[in-house]
Amino acid sequence: MAATSTLTQRPMTNSAASPQTAIYAEDPKAASSEASARGAAIYSQSWLLTIYDWWVLGVVSTYAWACSVPQYTLPWFQKNLRKGQHLDIGVGTGYYLAKSDLTGVQVTLADLNQDALDATRDRLVLEGKVKSGETRCILHDITRPLPASCPKFNSMSLYYLLHCMPGPVPAKTVIFSHLKHSLTPDGVISGASILGKDVRHNLFGRLIMTFGNWNGMFDNRGDNAADFDDALREHFDDVETQVRGAIFLWRASKPKV
């Protein structure tokens with residue numbers, strides 16, 4: 001968020017969360033770029049949120065990207081989830097949090113889409129992962145620094161987000177230049193993203209790639225593991241990456257400040 005942006009508390013929707021749940025929104029005129037907003041707008045469609053886990057994290061991840069979420073991506077998330085303050089950026093449906101042990105974890109959600117924030121917050125309550133009112137939500141464009149009111153985080157997660165962000169890898173990874181300042185000294189940031197370059201896509205994957213880049217949901221034709229790895233090492237001393245099928249898995253810690 002730009003330093004001049006204004007945070008205002010939003011009224012609560014009629015949902016499972018209590019009126020004490022903190023939900024903050026930036027000045028709508030400063031909240032996001034047009035391209036970022038297009039990528040997030042798809043999550044305003046309630047039908048997509050309903051089938052997201054089955055379709056995106058099940059069918060597409062397994063058969064288009066050749067990277068099973070239960071076998072690879074979810075364990076990667078869980079391995080890098082820390083007790084204390086955790087920030088989940090680009091929340092989707094909250095699948096990874098809902099499948100993890102959140103004992104001792106204070107969850108903050110950040111997303112450009114209010115529907116995704118509401119759905120994730122309510123899911124965590126309904127599935128007994130957190131108590132009503134415990135989860136903080138921020139309506140926020142992650143290309144801007146986090147609000148000053150945010151705490152330092154012990155862990156952050158960005159799963160299936162970077163391939164939706166507009167621009168080439170250097171434009172996407174500029175986010176690490178400010179996110180690293182919101183990590184604790186021993187904090188860890190991790191994620192997974194769909195690569196468009198230097199990986200072999202099967203026919204199903206090519207179809208999804210073509211459609212996703214055509215409708216603005218993806219912008220990842222040039223995304224490659226080497227560029228992401230270089231960007232992470234620019235900002236962190238401890239970096240681990242691997243490619244599973246068409247998915248780039250990464251974690252970083254010891255931020256360079």
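Helices (H or I, at least four residues) and strands (E, at least two) are DSSP runs, numbered from the N terminus. The model is predicted: local features need pLDDT of at least 70, side-chain atom pairs count only at pLDDT 80 or more, and totals for chains, interfaces and linings use all residues. Residues are numbered from 1 along each chain as its sequence is written, and side-chain values use heavy atoms, with hydrogens and water left out.

**View 1. D198, D227, D230 and E234 form a patch of negative charge on the surface.** Patch members have over 30% relative accessible area and no salt bridge; like charges are joined within 9 Å, nonpolar side chains (Val, Leu, Ile, Met, Phe, Trp, Tyr) within 5 Å. Asp and Glu count as negative, Lys and Arg as positive; His and the chain ends are not counted. The place of a charge is CG of Asp, CD of Glu, NZ of Lys or CZ of Arg. Accessible areas come from the Shrake-Rupley method with a 1.4 Å probe; for residues, only the protein chains shown count as cover. E234 lies in helix 9 (residues 225-235). Its relative accessibility is 53%, so E234 counts as exposed. Here exposed means over 50% relative accessible area, buried under 20%, and partly exposed in between (1.4 Å probe, protein chains only).

**View 2. D198 and Y160 each have a positive phi without being glycine.** Phi of D198 is near 65°. D198 sits in the loop between strand 7 and helix 8 (203-215). D198 counts as exposed because its relative accessibility is 65%. Y160 has a phi of about 55°. Y160 belongs to the loop between strand 6 (153-159) and helix 6 (169-172). With a relative accessible area of 5%, Y160 is buried.

**View 3. Strand 9 (residues 247-255) is mostly covered.** Eight of its nine residues are buried. Strands pair if DSSP finds at least two bridges between them. Strand 9 pairs with strand 7 (residues 183-194) in the antiparallel sense, over seven bridges. In that pairing, S193 has F248 of strand 9 as its bridge partner. Strand 9 also pairs with strand 8 (residues 236-244) in the antiparallel sense, over eight bridges. There, I247 of strand 9 stands opposite R244. Two residues separate the strands in the hairpin of strand 8 and strand 9. In this hairpin, G245 takes a positive phi near 60°.

**View 4. R121 meets both D118 and D122 in salt bridges.** A salt bridge is a side-chain nitrogen of Lys or Arg within 4 Å of a carboxyl oxygen of Asp or Glu. The structure holds ten salt bridges. The N to O distance is 3.5 Å for D118 and R121, and 3.0 Å for D122 and R121. D118 and R121 are three residues apart in helix 5 (residues 114-126), so about one helical turn separates them. D118 and R121 are buried. D122 is buried as well.

**View 5. D223 and K172 join distant parts of the chain through a salt bridge.** Their side chains meet at 3.3 Å, N to O. D223 is in the loop between helix 8 and helix 9, K172 is in helix 6, and the two are 51 residues apart. D223 and K172 are both buried.

**View 6. D53, R123 and E127 are linked in a network of salt bridges.**
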